[in-house]
Amino acid sequence: MTVFFIMEAVFNYAYLLVMAWLFDYHDYDFIASLAAIAAIGFIVSLTFQTSTAKFVSKYRSENKTGQMKRIWRFSLKSSVILGLALFILTGVFSMPLSTFFNHQDHWHIVVFSITLILLFALPVNWGVLMGTQRFRQLGATHALWAALKVIVAYALVVLGLGLYGALGAYSIAYIVVFIVTFFLLRWLKDGEDAQIDRKGVLLYTYKTLIAILAFATLTNIDIVLVTHYLHDRGASDYAMTSVIGKIALYIPAAISVAMFPKSTELFEAGFNTRGLLRKSFVLTLISLSIVMVAYWFAAEPLMNLLYGNKYPIAADYVFIYGIAMGLFALCFVMMNYLLSLNQTVIRYYLMLAMVVQVVGIGLFHSSIGQVVNVILISAVFTSVLMLVIYLLLRSRWEVNHAMAK
């Protein structure tokens with residue numbers, strides 16, 4: 001999973017890198033902003049992956065194939081309906097959205113929003129693969145999705161489609177990978193149907209959605225706000241800082257993804273899950289230490305290698321921004337762990353952290369340095385909140401265990 005997620009991260013960065021080569025900084029700012037929104041949407045869509053994986057893992061531990069098929073069908077239908085509704089809504093408001101991004105052609109946003117139709121449906125298929133612990137297929141299709149964005153976008157732009165090609169590549173990647181994952185799940189279509197607790201599924205999905213939405217906002221909204229507050233080169237320099245700095249967030253993410261179904265299965269079977277959490281933290285810290293060393297010694301050479309001297313200021317902030325993303329990566333481990341144990345109360349803590357960050361950027365955005373410092377402070381604040389909720393819940397678990405004895 002780590003290898004595949006590194007490949008996915010490389011292709012995601014390759015997309016932004018190729019777009020930076022192909023477009024001027026004004027068009028690139030627009031692409032980077034929509035890519036940040038897509039990243040938020042992608043992370044939010046993982047609500048369906050997480051929810052589906054949660055219940056598939058539960059039914060897998062109980063050997064209930066019929067319920068696994070039912071949860072797949074129910075989640076798939078719900079996700080497509082939600083995606084169509086969001087596509088229509090975005091189309092209606094495409095003109096004011098274009099104005100917000102200081103962009104002229106609202107049809108670019110309409111083309112980009114086609115992605116929304118399968119935005120939540122594809123993660124449902126990924127959730128089944130995740131819940132059944134088919135990690136090779138899950139990781140390979142994640143990497144394929146990211147690779148298709150780059151290849152298709154480059155081809156369409158070279159063919160003369162410009163921004164339409166760059167943004168339309170997202171939709172094509174979703175369609176192709178959805179078909180591939182649907183094929184990989186063909187074994188589930190032949191199983192007997194069974195009843196599930198739809199209310200319980202929807203309630204867990206709703207609570208998980210809020211938690212993941214808050215986390216997605218914490219780790220991606222900065223690009224959108226900076227594009228709004230800082231114009232021209234300032235926004236571009238910050239975008240490059242974010243592109244390189246988010247390596248610290250994305251590379252360790254595979255550990256959390258692999259941990260979730262295993263933690264769920266252990267929890268449903270009544271086993272202790274703390275050892276799994278410790279291992280996940282250790283592996284995440286090892287990954288982060290390698291990335292941090294690279295940031296400290298090679299941030300400027302890396303920026304020069306990728307972009308020449310086009311964004312000289314960006315390298316100065318990569319290390320600090322990377323520390324913030326590393327802290328968010330540890331928070332991501334904790335969030336997935338608690339969600340696997342049905343502790344959806346974590347959503348309130350993440351919402352609080354999200355508000356603090358957005359207000360902070362709203363107040364302090366006169367320079368790249370100010371925004372980076374706000375991101376770091378919000379990452380520290382979020383980490384403290386995650387530690388507090390874990391200690392509170394652990395104390396409660398210990399009391400309940402003692403009472404049971």
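Visitor: What makes the charged end of Lys-149 count as sitting over the ring of Tyr-15?

Guide: The charged end of Lys-149 is 5.7 Å from the centre of the Tyr-15 ring, and a charge sits over a ring if NZ of Lys or CZ of Arg is within 6 Å of the ring centre and within 35 degrees of the ring normal. This is a predicted model, in which local features need pLDDT of at least 70, side-chain atom pairs count only at pLDDT 80 or more, and totals for chains, interfaces and linings use all residues. Residues are numbered from 1 along each chain as its sequence is written, and side-chain values use heavy atoms, with hydrogens and water left out.

Visitor: Why is the pair of Phe-48 and Phe-120 called tilted?

Guide: Their ring centres lie 5.3 Å apart with the planes at 55°, so the pair is tilted, given that rings of Phe, Tyr and Trp (its six-membered ring) pair if their centres lie within 6.5 Å, and that planes under 30 degrees apart count as stacked, over 60 as edge-to-face and the rest as tilted. Phe-48 and Phe-120 are both buried (under 20% relative accessible area, with a 1.4 Å probe and protein chains only).

Visitor: How do you know that α15 is roughly antiparallel to α16?

Guide: The axes of helix α15 (residues 318–340) and helix α16 (residues 346–363) cross at roughly 155°, and angles over 145 degrees count as roughly antiparallel, under 35 as roughly parallel, 65 to 115 as roughly perpendicular and the rest as oblique, which makes α15 roughly antiparallel to α16. The contact (heavy atoms within 4.5 Å) involves residues including Phe-328 of α15 and Leu-350 of α16.

How values were computed. Buried means under 20% relative accessible area, exposed over 50%, partly exposed in between (1.4 Å probe, protein chains only). Axes are lines fitted to C-alpha atoms, for helices over the stretch in contact, and angles run from 0 to 180 degrees between N-to-C directions. Helices (H or I, at least four residues) and strands (E, at least two) are DSSP runs, numbered from the N terminus.
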